[in-house]
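Let's take a friendly walk through a few side chains and see who meets whom. Have the sequence and the 3D view ready.

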Amino acid sequence: MNKTELIENITKTTGVKKKDVETVVLAFVNSIEQALVNGEKVQISGLGSFDVKTRAERAGRNPKTKEKITIPASKYPAFSASKSLKEAVNK
C-alpha cells in the first residue's frame, strides 16, 4: 500500500473528504520526520516506534576498481513494531 492508497482507504473507512485526509496524512508524516531530524523518538501505541540510529564508520571496497575506501558514519531512521502489531501480523 502506498500513500495514495492509504489516503483512499481512510477516506472510504471514515467518510472524511479526501483532501482533508491527505492534509492529515501529510502532516502526520512531516511531524514524524521533523521529530527524527530533531533527534526525538516517536512512539505510537499499537503501531511502534520511530528512532534515529547511527552506523559507525567502516571499511568498504569500490566494486569497479577493487580499491579500499572508508564509508563514513551515518544516521538512519529505524522503525520497531509494537508487540500488538507483531502479534496481528503473525496470526
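Lys18 has a relative accessibility of 43%, so it counts as partly exposed (buried means under 20% relative accessible area, exposed over 50%, and partly exposed in between, with a 1.4 Å probe and protein chains only). This is a predicted model, where local features need pLDDT of at least 70 and side-chain atom pairs count only at pLDDT 80 or more, while totals for chains, interfaces and linings use all residues. Residues are numbered from 1 along each chain as its sequence is written, and side-chain values use heavy atoms, with hydrogens and water left out.

Which side chain meets Lys18 in a salt bridge? The partner is Glu8, at 3.8 Å from N to O (a salt bridge is a side-chain nitrogen of Lys or Arg within 4 Å of a carboxyl oxygen of Asp or Glu). Lys18 lies in helix α2 (residues 18-37) and Glu8 in helix α1, so the pair ties together parts that are 10 residues apart in sequence. Helices here are DSSP runs of H or I with at least four residues, strands are runs of E with at least two, and both are numbered from the N terminus. Glu8 is partly exposed because its relative accessibility is 33%.

## Thr11, a buried neighbour

Thr11 belongs to helix α1 (residues 3-14). Its relative accessibility is 18%, so Thr11 counts as buried. Beyond its neighbours within four places in sequence, Thr11 is in contact with Val16, Lys18 and Val21 (contact means heavy atoms within 4.5 Å).
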